[in-house]
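Reader: Hello! Could you walk me through this structure, one question at a time?

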Amino acid sequence: MDGNGRWAEKRLLPRSAGHEVGIRTLRKVADKCFERGIGVVSIYAFSTENWKRPKDEVDKLFGLLKRFFIKELKHMKQNGIRLAVMGDLSAFPADVREAVENALRETAHNTKYVLNIGLSYGGRAELVRAVQRLTAAGEAPTEAAISKYLDTAALPDPDLLVRTCEKRLSNFMLWQCAYTEIYFTDTPWPSFGEKALAKALEEYAARTRKFGALS
Ligand code: IPE
Ligand code: MG
């Protein structure tokens, strides 16, 4: 969800206004994806590197995320959306963690869609956690075993990664995106609407995926 700050600055608004609109965009875009038959939507909401931001911006983000998990619960329950989280929640303030854990519990039996949110998430840290778990379990480090111990264990690898505003992975789902199609757009996240999503999906549909084979 990149470009919240730029979106706000361009409008002479505080960065937090960009984050507020960005969270609204998250709900809208996720629902549009589900409507179009995409079963799993993963969102990068807060990275392990985002802890380097000023405390008041981090606090503001936590406040918005907490509200999101409380406010969206009913919608998720009514629409069969299961919440999943990747990342290390342990560093989060207790009230935010509680809101997340409550939403995880309350949506655990939903089976139609998955909304997977990265919170204090980094692909490298996730891989380290997976290897630690695997070692503790005494298992051999095969690809299947590593995948099983990632935070995304139960989820398929992403087909399409949409990156707004930047042209890099920024530590996002490094293992899972091995063969993911990447779509870059200059549209900042708060402006990423139905039309922008349709364009990304159209471009994705036109790509040929051979996963390293010839056909
Ligand atoms: C992404 O927008 C939102 C989060 C990191 C949560 P940014 O805040 O990185 O927006 P820019 O990069 O300053 O425009
Ligand atoms: Mg940014």
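Reader: Is Lys71 buried or exposed?
Author: Happy to start there. This is a predicted model, where local features need pLDDT of at least 70, side-chain atom pairs count only at pLDDT 80 or more, and totals for chains, interfaces and linings use all residues. Residues are numbered from 1 along each chain as its sequence is written, chains are lettered from A and ligands numbered from 1 in the order in which they are written, and side-chain values use heavy atoms, leaving out hydrogens and water. Buried means under 20% relative accessible area, exposed over 50%, and partly exposed in between (1.4 Å probe, protein chains only), so at 63% relative accessibility Lys71 counts as exposed.

Reader: Which helix holds Lys71?
Author: Helices (H or I, at least four residues) and strands (E, at least two) are DSSP runs, numbered from the N terminus. By that numbering, Lys71 is found in helix α3.

Reader: Which element gives the most to the positive patch?
Author: Patches are made of residues with over 30% relative accessible area and no salt bridge, with like charges joined within 9 Å and nonpolar side chains (Val, Leu, Ile, Met, Phe, Trp, Tyr) within 5 Å. Here Arg24, Lys28, Lys60, Arg67 and Lys71 form a positive surface patch. Two or more of its residues come from each of α2 (15-35) and α3 (55-71). With 3 residues, the element that gives the most is α3.

Reader: How many salt bridges does the structure hold?
Author: Side chains of opposite charge can pair when their charged atoms come close. A salt bridge is a side-chain nitrogen of Lys or Arg within 4 Å of a carboxyl oxygen of Asp or Glu. With that definition, the number of salt bridges in the structure is 21.

Reader: Are Arg129 and Asp151 buried or exposed?
Author: Their side chains meet in a salt bridge (2.6 Å, N to O). The pair links distant parts of the chain, 22 residues apart: Arg129 in helix α6 (residues 123-136) and Asp151 in the loop between α7 (143-149) and β4 (160-164). Both Arg129 and Asp151 are buried.

Reader: How many residues apart in sequence are the parts that Asp159 and Arg209 tie together?
Author: Asp159 forms a salt bridge with Arg209, with the closest N and O atoms 2.8 Å apart. Asp159 lies in the loop between α7 and β4 and Arg209 in the segment after α8, so the parts they tie together are apart in sequence by 50 residues.

Reader: What separates the C-alpha atoms of Tyr44 and Ser170?
Author: Tyr44 lies in strand β1 and is buried, with a relative accessible area of 17%. Ser170 is 126 residues away along the chain, and the two C-alpha atoms are separated by 9.9 Å.

How values were computed
Areas by Shrake-Rupley, 256 points an atom, 1.4 Å probe, with all protein chains shown as cover. Lys, Arg positive; Asp, Glu negative; His and termini not counted. Charge placed at Lys NZ, Arg CZ, Asp CG, Glu CD.
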